[in-house]
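Work through the exercises below with the structure open. Try each task before reading its solution.

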Amino acid sequence: MTRLKIKQNHDERISSPKLLSSESSAKGAGLTRRRFNRALMTMSALAASGSLPVRSAIASEPIKIGFGMAQSGPLGGNGKAALLAIEMWRDNINARGGLLGRAVQLVYYDDQTNPTLIPGIYSKLFDVDKVDLVLGGYGTAVQAAALPIVMQRKQVLIGTGAVAVNEKYKYDKYFQMLPNGSTARTSTSEGFFQAAMTMDPKPKTVAIVGAVTEFSRNVILGARENAKKYGLKIVYDGGYPPNQMEFGSILRSVQAANPEVVFVASYPPDSAGVIRTAYEQKLQTRMFGGAMIGLQYSELKQQLGPMLNNVLCYEFYVPAPTTNFPGIKEFLAMYQERAKKAGADLLGFYLPPYAYAGMEVLEKAVTAIKGLDPNAIGRYIHANTFDTVVGKVTFAPNGDWAKPRLLYVQYQGIVGNDLEQFKRIGTQVIIEPQEFAYGKLYYPFAASGH
Amino acid sequence: MVTFNLLINAVVTGILLGGFYAAVTIGVTIAFGMLDIVNIAHPVFIIMGSFVAYIVNRHFGFDPILTVIVAAPLFFLLGIAIFRFYYAAFESSGKGSLRGLAFFFGIMFVIEVTLLLAFGVDYRLVQTSYIGPNIGFAHIDLPLRMVVPFVGSMALVSGLYIFFGHTFIGRAIMAVAQDEFALSLMAVDTVAVKQLAFGVAIATAGIAGGFLIVIQPVDPSLGREYIGRVFAICVLGGLGSITGTVIAALILGVVETITSTIFGPSWAPAVSFAALLLTLAIRPSGIMGR
């Protein structure tokens, strides 16, 4: 485990744990075998020593929540932001007296966005750290690596963000917080294609470009299905390797195919490269964008600035008249304050609200069943709808959101490189889904974008 | 369908890309090819250069390439300091090769984690007047974002070519590369010469970092992506040959972009490295190797 570098956070900022009331102690202790055994051992020891009352010893033991989270590597920026949100929840619940009256302690490791480290991390969490609950990190590849281990331990896994990880396993205690929906493969690009079909006249051709990685591959498969569904002919379909740095030849080939719509599934550095190249080449197409990871990050939004104009990309949250979920403004205000010190994403629109919402779901389930039994938690989460900072959340049988809610947003009127403009309503206009849409799609891409 | 226009653009883009590859590889050519030091940490010095360019550009608005040129002496001094430690700890006791490799791995991780702690994991970009404009003519696209680093790279390798071929110190470095023992018999302080050469290698990495951040966003762990590529170009060019490095870099760049245009970008790495293997099978010492 020496390669599990940088961080193992055994929290030092746990609020003073409160003693359990006799009622909550009884309810909490009776529900799992582990807790029962622990209580039994504690009782025996204390009975032998004739010292403290049993219930205070149990109450002082924190609930450990373990996870791997990218703090470095390609998705480290997201992982850092998600971690801050989870820490905010921990501080919040500890200030409210803890979960089941016990303090919450986070135990996490930097997975370096590297799925090969995941088996070691989760084995250590279960066997050495003896965590009570686990979360999934950020990214399809890392969650795909974590899920079989968590299944083996029959624990609940609440993932921060992944696409179609549980498609084959169909594990009943897996939940995924990003709003891709239960048909994540197709729903990730569905809004983009729906928006494309609102153009007049309707487009007939599409180019699909994407990185050859787990996430992009899934999204591209879905995009092909959507292209077929909406009757679009794919005139260019190309993948590129993860370390691609030159996109000129790709976009020239795309331009040569003369598509009316260009769909891109890319990772952060590629997203910046593709957009800069499209801008330099004055790409002529009617609609351009897709599932481009990175455009949601403050740093890239700020640096790309006006080059983003008229790009249609997915976001999970943007300030809009239609996304005023209860608690979201307060959450973001607090997050943005803490993010400055933590060195995390300054806006926090992308992952943090969903990471926090995941913890709210877990909290409500544990509180409702009054214990940590994974089967009971799983059943409760499946059976209920949760009010969270990202709105109401209901889960499908495969653990994804029952109803997808990926926001396809067109960047409009971006001037200069001031980050504050992205906090304003109107610079990231929601085009799809219609339930949240409030603006008009501008097209063609090139004429108005340049 | 691949048209002539697409092909000619692919060749031009490949040349621009290859020029940049030459700049990132030239330091490895000096350290590995001439001094026999497996500096696996070379790409992370490139990333350091990128971050120097980023900080100065972000806070003072200075040009990233001019910034790294001004900062090159600092990288040179850093290279000298690292070599002195490396020499004292490993090379002087004859344990340079394998333990030295572990040493440079260590250097790589230390610098990477330091950058992570200092700057976080976000991707960093710079703002300059030549990011965005295109000076295309006759259906050929020439994005300034690629042209400026290419011109800078060619100036860098040309300068090094003149330095190694026409200056006393440069010839001394070439002499060390050819036969260190013979040079030492002539009372030359070969360690001092190697130290200078290693300083020059690290200085080129710093400058290449300025080119890199103009071309693409940079994060602290990006250097790992370049390890395979820079050593492949160095070997393909012929160890220690500056001309060979430039030719190999241009070949790799052009093969990548042509493959990307004709067969699709996902084939580019496979075809590039197949070309490398084929060249080495025909000419094991590399294109300009002796």
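**Exercise 1: The fold of chain A**

Among contacts in chain A between residues at least 6 apart in sequence, 73% join residues at least 24 apart. The model is predicted.

Task: State how many helices and strands chain A has, and what percentage of its residues count as buried.

Solution. 
- Start with the elements. Chain A contains 15 helices and 14 strands.
- Apply the cut-off. A residue is buried if 20 or more other C-beta atoms lie within 10 Å of its own.
- Read off the share. Of the 450 residues in chain A, 58% count as buried.

**Exercise 2: Two domains**

Task: Find the domains of chain A. Then describe the side of domain 1 of chain A that touches domain 2 of chain A.

Solution. 
- Domain 1 covers 22-182 + 326-394, and domain 2 covers 184-322 + 406-449.
- Count the contact. Domain 1 of chain A puts in 19 residues and domain 2 of chain A puts in 20 residues.
- Look for helices on the domain 1 side. Helix H6 (140-152) and helix H13 (352-369) of chain A each supply at least two residues there. The largest share, 3 residues, is from H6(A).
- Sort by class. This side of domain 1 of chain A has 14 nonpolar, 4 polar and 1 charged residues.

**Exercise 3: A β-α-β unit**

Task: Which way do strands E6 and E7 of chain A run, and what unit do they make with helix H8 of chain A?

Solution. 
- Pair the strands. E6 (residues 205-211) and E7 (residues 233-240) of chain A run parallel and are joined by 7 bridges.
- Check one pair. Thr205(A) sits opposite Lys233(A) in E7(A).
- With H8 (residues 214-229) of chain A, E6(A) and E7(A) form a right-handed β-α-β unit.

**Exercise 4: Chain B at the contact**

Task: Describe the side of chain B that touches chain A.

Solution. 
- Count both sides. Chain B contributes 34 residues and chain A contributes 36 residues.
- List the elements. Helices H1 (4-34), H4 (96-119), H9 (242-262) and H10 (268-282) of chain B each give two or more residues to this side.
- Sort by class. The chain B side divides into 15 nonpolar, 14 polar and 5 charged residues.
- Trace H1(B). The helix bends by about 40° at Thr25(B).
- Finish past its end. Just after H1(B), Asp36(B) has a positive phi of about 60°.

Terms used. Residues numbered from 1 in each chain as written. Chains lettered and ligands numbered in written order. Predicted model: local features only at pLDDT ≥ 70, side-chain atom pairs only at ≥ 80, totals over all residues. Contact = placed C-beta atoms within 7 Å. Helix = DSSP H or I, 4+ residues; strand = E, 2+ residues; numbered from the N terminus. Nonpolar A, V, L, I, M, F, W, Y, C, P; charged D, E, K, R; others polar. Buried ≥ 20, exposed ≤ 12 C-beta atoms within 10 Å, placed from the backbone. Domains from an automatic or database assignment. Bend = angle between axes of the 7 residues up to and from the residue. Pairing = 2+ DSSP bridges. Right-handed = clockwise from strand over helix to strand, strands pointing away.
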